[in-house]
Amino acid sequence: MLRDLDLAIEPGATAILGPSGSGKSTLLRLLNRLADPDAGSVRFHGHDVRGLDPLELRRRAVLVPQLPAPLPGSVADNVRYGPGLHGEEVDPLPPLELAGLDASFADRHCARLSVGEQQRVMLARALALDPEVLLLDEPTAALDERAKRGVEETLGRLQCSAVLVTHERAQAERLAQRVVELGT
């Protein structure tokens with residue numbers, strides 16, 4: 001639960017650090033209206049998010065969940081999903097490459113991928129929307145060290161802003177220009 005939080009998130013990468021239960025994931029959900037605040041306001045480019053279309057906001061501020069949740073079907077189907085909701089077509093290869101997956105992954109079925117590969121598909125799916133901000137909820141929590149390094153390398157190359165939730169101070173310092181600590 002978040003209380004008395006007054007925070008401005010600037011362009012670039014911001015890490016939200018804190019123990020379990022400190023409100024890190026809740027903050028991400030508030031930033032793209034998967035939840036609304038009980039009191040106070042959340043603003044995106046100066047506008048109260050409650051006055052914005054939730055689907056448009058979620059396209060501009062895209063959440064990548066902690067646990068991969070690919071849709072049934074191929075990797076390419078997953079990457080095309082978000083833009084398809086908006087009547088747009090996207091070539092899945094550029095987002096896949098940005099996420100650290102080569103073209104050979106496009107036709108693979110998501111159910112046959114490792115958790116690390118699925119997490120990169122989730123990142124590619126988010127990147128296909130060309131977001132202003134990526135909201136990353138513990139993006140390496142379920143990964144082994146090799147997969148974690150790969151996802152971190154990918155995140156380090158991204159050109160959009162990011163809000164990264166993590167328990168790991170070292171990861172926060174590696175990936176973000178600013179670190180915000182939440183207490184319990």
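**Cavity and pockets in a predicted model**

Good morning. A search of the whole structure finds one cavity of 30 Å³ or more.

The largest cavity has a volume of about 30 Å³. Its lining is made up of V64, Q119, R120, L123, L136, P139, V151 and L155. By class, six of the lining residues are nonpolar, one is polar and one is charged.

I turn next to the open spaces. The largest pocket has a volume of about 1,000 Å³. Which residues lie nearest its centre? They are L27, L31, S41, V42 and R43, out of 36 residues that line the largest pocket. Two or more lining residues come from each of α1 (24-31), β2 (43-44), β5 (133-137) and β6 (161-166). Among the elements, α1 gives the most, with four residues. The lining of the largest pocket divides into 21 nonpolar, seven polar and eight charged residues.

The second largest pocket has a volume of about 510 Å³. It is lined by 19 residues, and R58, V62, Y81, L85 and L129 are the closest to its centre. Here α2 (54-60), β4 (61-64), α3 (75-85) and α5 each supply at least two lining residues. Which element gives the most to this lining? That element is β4, with four residues. The classes in the lining of the second largest pocket are 13 nonpolar, three polar and three charged residues.

Thank you for your attention.

Note on methods. Residues are numbered from 1 along each chain as its sequence is written. This is a predicted model: local features need pLDDT of at least 70, side-chain atom pairs count only at pLDDT 80 or more; totals for chains, interfaces and linings use all residues. Side-chain values use heavy atoms; hydrogens and water are left out. On a 1 Å grid over the protein atoms alone, a cavity is a set of points where a 1.4 Å probe fits but cannot get out, and a pocket is an open set with protein on both sides within 12 Å along at least five of seven lines; lining residues have an atom within 4 Å of a point. Grid points are joined across faces, edges and corners, and a volume is the space filled by probe spheres set on the points. Ala, Val, Leu, Ile, Met, Phe, Trp, Tyr, Cys and Pro count as nonpolar, Asp, Glu, Lys and Arg as charged, and the others, Gly among them, as polar.
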